[in-house]
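Here is a short briefing to read alongside the sequence and the 3D view. Take a moment to find your way around the picture, then follow the topics one by one.

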Amino acid sequence: MNKILKGLALAAAVTTSLTGFAQAEEPKQGGTLITVLGSNVRNLNSAVQSGIVTGFPGAQLFASPLRYDEDWTPQPYLAQSWEISDDGLTVTLNLVTNAKFHDGTPITSEDVAFSVEVIKENHPFKSMFAPVESVSTPDAHTAVLNLSKPHPALMLAMSGQLMSIIPKHIYGDGAIGDVKTHPRNNENVVGSGPFKLTEFKNGEHVILERFDDFFIDGRPYLDRIVMRIITDPAARAIAYENGELHMGAFESLPRIINRLKKVEGLTVTPDGYGAIGPLDWLAMNTTKGPLADVRVRKAIAYAVDKNFILNALMQGTASDSRTGIHPDSPFYSGDVEAYDLDLEKAAALLDEAGYPVKDGSRMSLTIDFGWPGVKPQVEYVKAALKKVDIDVEVRASADFPTWAKRMGEMDFDLSWDTVFNWGDPVIGVHRTYDSSNIAKGVWSNTQGYSNARVDELMAMAAVESDPVKRTALYAEFQQIIADEVPVYHTNTIPYHTVYSDKVGNPPLGIWGTSTPIDMTYLKE
Amino acid sequence: MRFSDHKKTQIVASLQSFLMRCLYAVIMLMAVLVLNFSMMHLAPGDVADTISQSMGGADQEILDQIRADYGLDQPFLVQLGRYMGNVLQFDLGYSFFYNAPVTDLILQRLPATLLLVFTAQILALFIGVVLGVISARKPNGIASHFVTILALFGYSAPVFWTGILLLIGFSLKIQIFPVAGMQDVTIEGGFWVHFLDIARHLVLPVITLGSIFLALYSRLSRATMMEVLGSDYVRTAKAKGLSQNQVVYKHALKNSLSPVITLAGLQFSAVISGAVLVEAVFSWPGLGTLAFQSIIARDTPTILGILFFSALVVIVGNLLTDLALRLVDPRVGGKG
């Protein structure tokens, strides 16, 4: 009897797992996905507003010419095909012919040209389209981007949330520079993407519904997306756990990530952040005091135990990242100095640099931080450097602008910092090391780092069309950066995506939720 | 005419004092705005930094452009003059961070906060007074100790802690209340369906916020009730043979209420401050959350607009308190 029951149970288990598998294979149409945004949305128009919070609704409302698969290979989206001329100076986009905006107007090359103009004028990432001199429109479905120099970064810049195609007939009614405050950015939005806006209530939710005339047949699968705005991470965690939320991204608290991993029916994954490329690091002001000496900077890197940060502070949720390029990027080269903990080497380097221990201290430094989340790292650095007799004073900032001001004026010794790659290294990596970008606001080269070879390597990589050569240039670049430590690269930000078993095909590609989720579906 | 001359002069006098109070209030409000504007200006950095933060970084050119767009590149006095000029025309300006008129932002959020705070206040006031009276009648009874412990807990437990604890208990372990927000947008139905939905969302935030108020009111009404019960006229009432209940509810209660109502009036100022944390924990789409986020974002027009509104609420609240006090105690408001 017992055996038979067991056999039946096994058979039942096999059938359910098989049907479960079959369900995963075939997406289902319909349903409302309840998901979440971790902070308030300032602007839904991703052509003029960057950032991860705008990225999620923005990429649903607006389509871009390309999308990327998990292997960093560009795929057709609004552009069904594209050609790059041999000299790399013209990029031709052949748009799909049946694409319409949410008000039924056809999407034409005029809109592409207009969108590029708007992004160039309003979007904060100037390097994305800086080499684009003009966009010609030989016919309604062909757009030709004319470049002043080869610009391989353009490919990633034409995907995800970075190149949202917006309707000229809506946003073209005023000056190009005024689009960022256009009233239609947050209400009556007319987009080009798989979902259209139903309602945006500031501080409450963004509700999107399926656009039936979307240019890809049969998509999107979902009827509706409700993006609730819940700013408290603990409340979000409970909402995943009790099933109020189907899915959410950018969860970064190690304690919460590890707790949710144990919850049955939830999957918690670090996949989906390769292109956004979020990194944590210890920045050093290379322009003044002891930190101007590379030996002191190396000594600090040897004294700060990366494993403690990864295992104790991040509780195993973050990964080691040794350079300014995210480890998930094809350009990442981890074959550089890792700065494993070595207090003796650190002490020797400090002695060599001329900072012997005097009255129990070699030197006094300050360390800044801009938001409470990274205070543990800062306190740890203080404790770690005490072991090599460096006194560190922790300087808290009242809020982000206070810290940003200090960074922008290079009024700091050490600081904890968090910077995103945003696709191609040209967009989000160069800014930190480029000597022509020293201290131009926060997240510029606030370290005051300057190395002619690094500048040269970045300039060459920016125009190198051959991916193999480009990777080699970036490998040398990362070698030098790791060797000269203007920044001690410690770890990736442990962003995780949480989704319930009900969600099929969650957005785990290189752009995560900054990409259309037209292929995501609900299993029941 | 029914009014005597004396009554007339009295009315004129109180009208005058009322108008004077309004005038003071307006002056006070202007001073608050100037002071806050200046303080916001003194702090290093500005909204351009937080906008660039929300965008993942921006270069100097973009920062300058943002500052020019919002007039932040103008000298301080020009900015201040411009702002005050607008306020005098009842224009609270335009939010830098949210790209929306401040008045719209506030009016969108105000109902949620008023709903939360008033529900919590009224329930806490009612329950607090009842508990206070019960425990005052038997100061050494079990009920009295219960009230003391409740008050101590309610007053000393941080609201975000109480809130999270309630969430874990009643949203996760026993899933009867929702985690966040004010309504479930996927629910469809008529007025009553939505009414019940909002009520369900309201329960945990109201308990969290109400626990502070409850502690205050129950302690205070217990203390005043005990004092009143020991006074001469209560002894007289008892002596003339009234029952204990009649003494407590007819004679003592009214007199013990005055301090409680005064306190409740003062608590109107907690509309913003008290609600901030509770709103944050429960993602309640109210003014507290907006205030908090605007301060973080250095969104000066929004912060000043909220201050303006909360000052108005305090003033109106105080006037209402006065009225209520006159109702329970006719001596209040009369001269001498």
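**A sheet in chain A**

Strand β13 (residues 278-284) and strand β16 (residues 414-420) of chain A are antiparallel partners, joined by seven bridges. Keep in mind as you look around that this is a predicted model.

*Strand β11 and its partners*

- Is strand β11 (residues 247-251) of chain A mostly covered or mostly open? It is mostly covered, as five of its five residues are buried.
- Strand β1 (residues 32-37) of chain A runs parallel to β11(A), and two bridges join them.
- In that pairing, A:Thr35 stands opposite A:Met247 in β11(A).
- β11(A) also pairs with strand β18 (residues 496-500) of chain A, this time in the antiparallel sense and over three bridges.
- There, A:Glu251 stands opposite A:His496 in β18(A).

*A proline in a loop*

- Look for A:Pro516 in the loop between β19 (503-504) and β20 (521-522) of chain A.
- Why does A:Pro516 count as buried? A:Pro516 has 26 C-beta neighbours inside 10 Å, and a residue is buried if 20 or more lie within that distance.
- Leaving aside residues up to four places away in sequence, A:Pro516 touches A:Ala59, A:Gln60, A:Ala63, A:Gly193 and A:Pro194.
- A:Pro516 and A:Phe62 are 454 residues apart in sequence, yet 8.4 Å apart in space, C-alpha to C-alpha.

*Where chains A and B meet*

- How many residues does each chain bring to the contact? Chain B gives 45 residues and chain A gives 44 residues.
- On the side of chain B that touches chain A, the helices that each supply at least two residues include α2 (47-54), α5 (102-137) and α12 (287-297) of chain B.
- Sorted by class, that side of chain B has 23 nonpolar, 17 polar and five charged residues.

Key: Residues numbered from 1 in each chain as written. Chains lettered and ligands numbered in written order. Predicted model: local features only at pLDDT ≥ 70, side-chain atom pairs only at ≥ 80, totals over all residues. Buried ≥ 20, exposed ≤ 12 C-beta atoms within 10 Å, placed from the backbone. Helix = DSSP H or I, 4+ residues; strand = E, 2+ residues; numbered from the N terminus. Pairing = 2+ DSSP bridges. Contact = placed C-beta atoms within 7 Å. Nonpolar A, V, L, I, M, F, W, Y, C, P; charged D, E, K, R; others polar.
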